[in-house]
Amino acid sequence: MRWIISKLLTIPIVLLVVILILVSLTSSILDQIMMKQIEIEIRRSVITNPQYANLPMEQKMKIAERMKEELIKALGLDKPWYVKVFMYAYSLLTFKPIYARVLTTRIIDPGSPNAYLIVLERIPFTVVLFTTSAIITLCLAIPLGLLAARKPGGLIDKIISAWSIFSISMPWWWVAMVMIWLFCYEWRIFPGPEHETDWANPISVAQRAALPVITVVMMSTGVVAYRIRSILLDILTEDFITTARAKGLPERMILRRYVLRVAAPPIVTIVLLSIVLSIVSGAIITEAVFNWYGIGLLFWDAVVANDIPVVLVLVYISTLLYLLTRFALDILYTYLDPRIRRA
Amino acid sequence: MSAAEILREIWRCWTGRIALILLIIQLCLAVWVVVSTDYAALSRKYLDETAWLGEYPRAVPPCWAVPHHADIIQLKLNTSTMKPEIVEKRQVGRYTRYVVKWSYQFEYKGHALPSDTLLLLVVKRLPDLKAYKLEVKLLRPDNSTVAILAKTPITKEYVVVVGIGGAKGKPKPVALNTLPSDDPVYRSIVDSVSPLIGDEKLLTELGPGKLLWAGRGGKALLGTYEISVVASFYVKGQPSSDTNLSKYTSVYLEMQTLGNCYGLMGTDSVGRPIELGILIGLPWSFVISFYVTFLTTMIGGFYGILAAFASGWRAELLMRIADTVYSIPLLPILIVVVIVTRSYSIWLILTTMVALLWVGPVVVVRSMALQIKSQPYIEAAKAIGASNARILFRYVLPQILPYLVALMVLGIPDPIIIEAALAFLGLSDPTVPTWGKMLEWAWKEHAVLNGWWWSFLFPGLALTVFCATFLMLGRALEPIVAPKLKSR
């Protein structure tokens, strides 16, 4: 129990650190954005307000100036930067709406500039793409890892070792480029990334998903199988396996009953963790290359459009998701592996 | 174990052997590039898209991938040194009308179209000539005539009719396919070829630079070509002899075909050779990866040992800090740092990477140090009265150091791949030529869509080979370095 609590405690700490880094980096830009919002507010309430329509321009400007000062004070924009950093951090933590500069939503409430909605509507696409890939990867990698571990140094082991080396050495997005060139333009098997897709229609989404899933599976299976093999080989040298062998149990039974039972928790966590990690890191660009309507493409769009509020929210949300999944995986691990619970 | 022994051990397994050979080749190439060329100037030129005009063909595949090579024609014709042919000489009132033709024959032998044609046409004339008109024609093997320059009046004494630059400095030839489609030269060539080709789509696809040499169906026309420059003008009075025509006017014509392939790896869309980019990027790959991994393993290793030797709440705090840093997603933070600071300096990027990546080795090193710390000989040393520092430097560090080296070698690919990702997003140092930047250029120029596979395949392969070298080396190194620790 104490262990879970201490793990739980790291989440807000990390989140706070990340937010403070983000906010202190972007506070001057956030200031500009807030000022712009104030300006819009004043324009709406004074300059274009029919109530004041009869007033002369000079007086209007005076009222506007006074309102501006009031608003700045009310929002705390006149405070020194170190106070503002915490102010901004607080508004991030409480999910106060932040408005994008350029980008808008397309599915939920189309046209809304709310940065949280913009990020939220993309999350399902990323999750679908990478969970599908993760499931396929696991189905392929576990048998492969088993085969490799059965004969260390054998042919399958060598293939998996080489495969994993190349998967780590290649940027995924570069492989994505090569795959698109081969399968979309040279052989025209899959629709290309420029293909118009109705993102609300599951069938057309599935068509578009085929190539990205194949690519991600191709790139992650080797690495995961190699990890599984290492985990299994570590377990195979333990004493209870020697005992089981000494008892004369068939090798197949040893693998299934003894090795896999012990190996399951690290395998599950490592695979899921590596996939979650890939979402917040490398997959950013893979999605952009495939023009897949997920978080990664949003990163690309936001960077290209220089839409800093969206980048900010995106980093915040993806860190949050990453931490929560890591925490969930830790719990899962303890649930699967009773040895840790006791320790 | 000495370094020589470790090397011998690595050499024994085949992946290690391949890795060592690849590493030596890459190191030699990197040193060679930096030493034998003016590296700074070369990389500056490589990053400048405008510096490559007409030097190499644009967006052509490597030569081994092309079945037929285009012929490289290089003509430099100066009419003042050529024998003129007087087509017409007629008295009109007080003037004499001249039509003079200079022509030159050459062979086109290549079985493929060139990728483009460079052309420079400069005219000089005396000011008192009247109604000066110039025409340039290409008579082709199939007896068709292509008007490169339809009859054009030349009114000034010195005109660069086709070319870049003029009034000051030496004019440069222009690649015909880069001309706008409403340019008179473009129109004239396309219009005179169009009855032969017919297909409108093919016409725009090939462009004038290729159409000059194209026959029916867009195939290359082989055989004898004749290029002729025809000038017509009126001269005051009645010149007694025609031998001194070049004093009235002279035309300089430069024509060069650009090949349909280039070198080992082709060129990108502005005519930069890909192989040159890969060579220029190699030293930077070493700098980026070594800078980051060296610092991260050193900091992380030291931190890990420190955490192992600390006790109570200090150890807890150290590990919590490491855990926190470990949970910060790297790429998003890097993106924010670069965007917000608006400083695309490579050193800022690398230092940010170090600031977040140093936690990598902490956990492993700490558990190793803890394991060593609990050994009886450490207790014995303590009992004799050895200080903490002595234990650290005499007993712990020498055992962990080889493993740190292995970790460092295995960590080499990370910074390179992250830097490439940043470069691909357009967030890399504009003064540093890296492979990631080449991939970005390829993507921005729609190389994938256009099928220019060489412009993204080779930079990516270079990256893969570079990373794989160190991964293979690291995997070969790991069992040599690690079991020593385990067996103790």
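**Notebook: burial, cores and a surface patch**

I began with Ser91(A), whose side chain reaches the backbone oxygen of Tyr88(A) at 2.8 Å. I note at once that this is a predicted model, and I read each entry below with that in mind. Ser91(A) belongs to helix H3 of chain A, which covers residues 81-93. I looked up its accessibility and found a relative accessible area of 18%, so Ser91(A) counts as buried, the limit being under 20%.

Next I turned to Val310(A), which I located in helix H13 of chain A, residues 308-336. Val310(A) has a relative accessible area of 0% and is therefore buried. I then listed its contacts beyond the neighbours within four places in sequence, and these are Ala100(A), Leu103(A), Ala115(A), Ile118(A), Leu298(A) and Ala302(A). I also checked Thr104(A), which is 206 residues from Val310(A) in sequence, while their C-alpha atoms are 9.9 Å apart in space.

I looked for the largest nonpolar core and found that it has 205 residues, with the most contacts inside it made by Trp173(A), Trp174(A), Val289(A), Ile335(B), Ile400(B), Phe424(B) and Phe456(B). Helix H17 of chain B, residues 454-487, gives the most to this core, with 17 residues.

I then went to the surface, where Trp11(B), Ile21(B), Ile25(B), Leu29(B) and Trp32(B) form a nonpolar patch with about 490 Å² of accessible area together. Helix H2 of chain B, residues 14-36, gives the most to this patch, with four residues. Trp32(B), which I found in helix H2 of chain B, has 48% relative accessibility and so counts as partly exposed.

Asn306(A) counts as partly exposed because its relative accessibility is 24%. For Arg342(B), phi is also positive, at about 55°, and the residue sits in the loop between helix H9 (330-341) and helix H10 (346-357) of chain B. Arg342(B) is partly exposed as well, with a relative accessibility of 45%.

Conventions
Residues numbered from 1 in each chain as written. Chains lettered and ligands numbered in written order. Predicted model: local features only at pLDDT ≥ 70, side-chain atom pairs only at ≥ 80, totals over all residues. Heavy atoms only, no water. Patch = residues over 30% accessible without salt bridge, like charges linked within 9 Å, V, L, I, M, F, W, Y side chains within 5 Å. Areas by Shrake-Rupley, 256 points an atom, 1.4 Å probe, with all protein chains shown as cover. Salt bridge = Lys/Arg side-chain N within 4 Å of Asp/Glu carboxyl O. Helix = DSSP H or I, 4+ residues; strand = E, 2+ residues; numbered from the N terminus. Buried < 20%, exposed > 50% of the residue type's maximum accessible area, 1.4 Å probe, protein only. Polar contact = N/O pair within 3.5 Å; in protein donor to acceptor, adjacent residues only side chain to side chain. Contact = heavy atoms within 4.5 Å. Core = buried A, V, L, I, M, F, W, Y, C linked by side-chain atoms within 4.5 Å.
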